[in-house]
Amino acid sequence: MPKDTLEDFKIDINTLKKAYKLMITAKMMADMYEDNKSVCSKYVHSTSRGHEAIQLAAAFQLKPYDYASLYYRDDSMLLGIGLTPYELMLQLMAKADDPFSGGRTYYGHPSLKREGFPTIPHQSSATGMQAIPATGMAHAIAYLEGQGLLQGEEKPVVLCSLGDGSVTEGEVAEAFQMAVLKGLPIVYLVQDNDWGISATGKEMRAMDAYEYAAGFKGMERLRVDGSDFIESHEGMRVAFEYARQLRKPILVHAKCPLLGHHTSGVRREWYRGDNLKLQSADDPIPKLRKALLEMEVGEDEIILLEREAQKLVEAHYQQALDAPVPEPDSFDLHEFAPTTITEETGNRTPAGAEKVTMVDAALHAVDDILKTYPEALFYGQDVGGELGGVFREAALLAKKYGDARVFNTPIQEAYIIGSTAGMSAVGAKAIVEIQFADYIWPGINQLVEELSKSCYLSMGKFPVQSLIRVPIGAYGGGGPYHSGSIESTLLNIRGIKVVYPSNAADMKGLMKAAFLDPNPVVMLEHKGLYWSKVAGTETAKTIEPDEEYLLPLGKARVILHAEEEQVKSGNSLTVITYGMGVHWALAAAKQFSGRIEIVDLRTLNPLDFDTVLTSVKRHGKALVLTEEPLLNSFAESLAGRISKACFQHLDAPVFTLGAANLPAIPLHTELEKMMLPNPAKVAEALKELLNY
């Protein structure tokens, strides 16, 4: 960038002095950590050594109304927006007053919601995964702006900071695709030090991020020398101005040296060799010091800046050492944010209402939500446009509410799920759909790393409000890629809620409660129950509740009661089930008049274990019924819990019944029938258990 004066670069001498002092601060912190390895390397950390110039240049562009998604090397960026060494050291040492996570997550993993600072939602270790939530933030900004829901004249921008090695992640491509497709106000900053732990750029990629971004039509690009603060500042100024004014994405590729360790656990001397010496020639600090001297800033003033930084770091280090550690009994706080929906409200069976199918109950629930909450939007594969979902579960919603609120996405399950974290952080409320449960797997990374951990690791600052609809289940020859059950996998992910309704009334009440829940909720919707066309599923159709109906998550329901005389004589049992299992159990129970109780769990997490225990203790015999392959399933886990909690009350082992333990549902309907439970198989199990 051949410019002659600071005025040409729109930067003043005080900004350069501030940058230099912060560079020295960051360096002193890195040196302090290295000099005190026995303390500071107890927990793995990484520093910005070599990246200080580009990070400070980016930080100086961020406004308090902006949003940022940083990566684990960005401690200079954090200093640049106004955080103190003390605050960062609290996280380094996992102290109680760590402002981001209260000692729960690594150094350089911020989550900040503070007046006068840009918002930095929780993110994972940011090796590419953060690009999707960050783009989701920009997506939410664009949506809210388009709906007239953002107050004031400010034009927020999102900064997404990435290491060069992470850009090869497929999820980064999904983010870039949506950013250009929707024209989103986001700056992608790629800090390229040519290393990915011990792998070099030549080993990892066929092109750098600047060249890669050329493939995304509509992505503006800049290259800067990330070791030169003045050039970096100008580049970031231009990038932010572009995104802020044109509301389009831009990528800045900044070449910079890696002068510290990859992390404290992977030390540079193990593999860097002569490369470290070569990269040291591009150290940003001597470059800026030389520039200051050339601008006639005196040596004495520069030394004073250096001493002030050193004194600050030393004082803050001692202060952080003396800070209290977390209280051990705080370890389980903030798994979920509290929900306000704790009681069943509204009218479940209003007079004069007609029966509806589950698919229509879901459609009406989403319609009510979109009508009531302008910040709500609905997207996924094929839910927009004319079709309105392959099951017609979003029929006509796009026409009614517009393509900005109800729209199709590319085949990008990771983006569909992960973007909801960014949406939530900005204030948009996303309902999304994965077309079939069998295709949720590309989105599991986002569900686990970005959504499920956010509330816990941010100490409740950033719960993710996300309603993820997933058609599920087998019937009538759907075959191996459209029939699977996935609840056990989901239930091994902590920090999310899982709902599985069996009838239309529950569908509507749970859908609305799930939308209003401030946490991630996955709603499993059995395709075979959508229209009640499968024999034996007529009871999935119910009277439609009114618009005010809400059904709290975590409340099971006894849908069939045994006769008291049979219970007293020991001739009864309870079936614990959900989804299609409810209807198999109802059909089978007809052969054992008055002897069967059926508990519909409705929500699998949180689980209403009290209702389960009450029912099992009442009967002394229990069958846990699922559509999933049984081995190592949620059903087996629940049976084990029941056995332990009810051991003194059981008159027989807890029985379980599920699908055969095969890797997929076969296509031919007769093979499918052989694999799955059905009313006849359930009846056999009930007979055996009653006669035990």
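This is a predicted model: local features need pLDDT of at least 70, side-chain atom pairs count only at pLDDT 80 or more; totals for chains, interfaces and linings use all residues.

**Entry 1: helix H6.** I started with helix H6, residues 131-146, which has 16 residues. From its first C-alpha to its last it reaches 22 Å, close to the 22 Å expected at 1.5 Å a residue. The expected span is 1.5 Å times one less than the number of residues. Helices here are DSSP runs of H or I with at least four residues, strands are runs of E with at least two, and both are numbered from the N terminus.

Buried means under 20% relative accessible area, exposed means over 50%, and partly exposed is in between, with a 1.4 Å probe and protein chains only. Just after H6, I noted that Gly148 takes a positive phi of about 70°.

Residues are numbered from 1 along each chain as its sequence is written, and side-chain values use heavy atoms, with hydrogens and water left out.

**Entry 2: helix H7.** Next I checked helix H7, residues 170-182. Its 13 residues should span 18 Å at 1.5 Å a residue, and the end C-alpha atoms are 19 Å apart, which agrees. Which residues of H7 are buried? I listed Glu171, Val172, Ala173, Glu174, Ala175, Phe176, Met178, Ala179 and Val180. After H7 comes Gly183, whose phi is positive, near 65°.

**Entry 3: salt bridges.** Side chains of opposite charge can pair when their charged atoms come close. I counted a salt bridge when a side-chain nitrogen of Lys or Arg is within 4 Å of a carboxyl oxygen of Asp or Glu. How many salt bridges does that rule give? The count comes to 37.

- Arg205 bridges to Asp194, with the closest N and O atoms 3.2 Å apart. Arg205 sits in the loop between helix H8 (201-204) and helix H9 (209-213), and Asp194 in the loop between strand S3 (186-192) and strand S4 (195-196), eleven residues apart. Arg205 counts as buried at 18% relative accessibility, while Asp194 is partly exposed at 26%.
- Lys371 bridges to Glu547, again with closest N and O atoms 3.2 Å apart. This pair links distant parts of the chain, 176 residues apart: Lys371 is in helix H14 (residues 358-372), and Glu547 is in the loop between strand S15 (542-543) and strand S16 (557-560). Lys371 is partly exposed at 46%, and Glu547 is partly exposed at 41%.
- Asp517 bridges to Lys497, with the closest N and O atoms 2.8 Å apart. Asp517 is in the loop between helix H20 (504-516) and strand S14 (520-526), Lys497 is in strand S13 (residues 497-499), and they are 20 residues apart. Both are buried.

I also found a network: salt bridges that share partners join Asp368, Lys371, Lys508, Lys512, Glu544 and Glu547.

**Entry 4: the whole protein.** Then I zoomed out. The protein has 26 helices and 21 strands. Its radius of gyration is 29 Å, close to the 26 Å that the globule rule gives for 692 residues, so the protein is as compact as a globular protein of that length. That radius is taken over C-alpha atoms, and the globule rule is 2.2 Å times the number of residues to the power 0.38. The C-alpha trace spans about 95 × 55 × 45 Å along its principal axes. Of the 692 residues, 59% count as buried.

Entry 5: Where is Thr603? I found Thr603 in strand S19 (residues 603-605), and it is buried, with a relative accessible area of 0%. A polar atom of its side chain lies 3.1 Å from the backbone nitrogen of Gly554. Leaving out residues up to four places away in sequence, Thr603 touches Val498, Val499, Leu510, Leu553 and Gly554; contact means heavy atoms within 4.5 Å.

Last stop was Cys646, in the loop between helix H24 (634-645) and strand S21 (655-659). Cys646 counts as buried at 0% relative accessibility. Cys646 and Lys617 are 29 residues apart in sequence and 6.5 Å apart in space, C-alpha to C-alpha.

Notes. A polar contact is a pair of N or O atoms within 3.5 Å; within protein, one must be able to donate a hydrogen and the other to accept it, and residues adjacent in sequence count only if both atoms are side-chain atoms.
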